[in-house]
Amino acid sequence: METKQRHFNHLSFTDRMTIEAGLRVKMPIKKIAETLGVHISTIYREVKRGVCTKKESWHDRYNYETRYRYKKVYSPDIAHQKYRDHLKAKGAPLKIGNDYALANYIEKRIADDGLTVRAVLGEIKRKQMPFSTSISVNTLYSYIEKGVFLRLSLKNLPFQGKRKKAERNERPAKAPRGLSIEKRPADIAERKSFGHWEMDCVCSIKDTKNALLVLTERVTRREIIIPIPDKTTETIVRKLDILERKFGSRFDKVFKTITVDNGSEFADCKGMEKSCRKKGNRTQFYYCHPYSAYERGTNERMNREIRRKFPKGTDFSKVSPKKVKEVETWLNNYPREVLGYDTPENLFNYYLSCL
């Protein structure tokens, strides 16, 4: 364990788990205090606060029976609950102190369902959920940092810090295989009409062909994730054929245009545009400028969310279609600030009902 510099006086739930781990291996109290950067008396008081009686069983091999004994141990859960109760008794400096229903809901939506702080508070406001307390985004961040929640810490929050931009070698730009994004109608960029999608592939671990074909609708942020065995043009066309048959006669109204990058998997523009159900084309494809991922900004943002569930290095050949569907459902039922904390699924179904 490394010694750390303290920036505030109160112990967090993580600190209490560190104390429990130290006591289990019989680490001296002084060493635990040094590890946490607090006075030794703080640890003695904390251990006294969290002490409880634990029932243990052991087998008596001489009498062939199970016996029980009781042992005094330190419990971080009990200690933390007493800490929260003490804060309430002091005059409730924590607004959330008396509202256990709100605290439990926030813990579940962030720790279990993967929502951000803004998303969960926005969802509560939009649905007008009947909690007795309301808190701000900054206040909730402060509570999480101070360890007020039993199951929630900063490690549960996504996208911490800024990532260093990777260097890349510039290559000669190639002309798009179809219509350039420059010729795409302006109202699509302004998100004024439904049925315009962005499409990309999320890659698997190196040397594995499997990937995910990802489509994102620009207005509703509705996501479609399709597992693919490889990134060949034939596979892409085949999956689009399946998608067209699924939506049937509504396909050309739901998928008016699709914007892609200049990846080799999207090289067969005519094959992707050609309908498998009727004569003529099923949709119109547009190609972004080289090295301009921002022109598919919605798609890139959703890919970032997918990577929360499937980090880089994931072998998609070992990921089941059921798991992919679970991630798709999670994304489409995620309350988003840009949608007024409504969900992509709700808005998408609304637009479908208007067709």
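This tour goes through a sheet, the helices on it, and a pair of helices elsewhere in the numbering.

The model is predicted: local features need pLDDT of at least 70, side-chain atom pairs count only at pLDDT 80 or more, and totals for chains, interfaces and linings use all residues. Residues are numbered from 1 along each chain as its sequence is written, and side-chain values use heavy atoms, with hydrogens and water left out.

Start with the sheet. Helices (H or I, at least four residues) and strands (E, at least two) are DSSP runs, numbered from the N terminus. Two strands pair if DSSP finds at least two bridges between them. The sheet is open, with 6 strands in the order β3-β8-β7-β4-β5-β6 and mixed pairing. At its edges are β3 (179-180) and β6 (223-228), each pairing on one side only.

Select 196-203 and 211-217: these are β4 and β5, an antiparallel pair with 7 bridges. Within β5, Leu213 is the bridge partner of Cys201.

Next, select 297-309. This is α12, which packs on the sheet and touches β4, β5 and β6; contact means heavy atoms within 4.5 Å.

Then select 321-332, helix α13, which packs on the sheet and touches β5 and β6. Its buried residues (under 20% relative accessible area, 1.4 Å probe, protein chains only) are Val324, Val327, Glu328, Trp330, Leu331 and Asn332. Their cover includes β5, β6, α12 and α14 (344-354).

Finally, select 13-24 and 29-36, helices α1 and α2. Asp15, Thr18, Ile19, Gly22 and Leu23 of α1 meet Ile29, Ile32 and Leu36 of α2.

Methods. Axes are lines fitted to C-alpha atoms, for helices over the stretch in contact, and angles run from 0 to 180 degrees between N-to-C directions. Buried means under 20% relative accessible area, exposed over 50%, partly exposed in between (1.4 Å probe, protein chains only).
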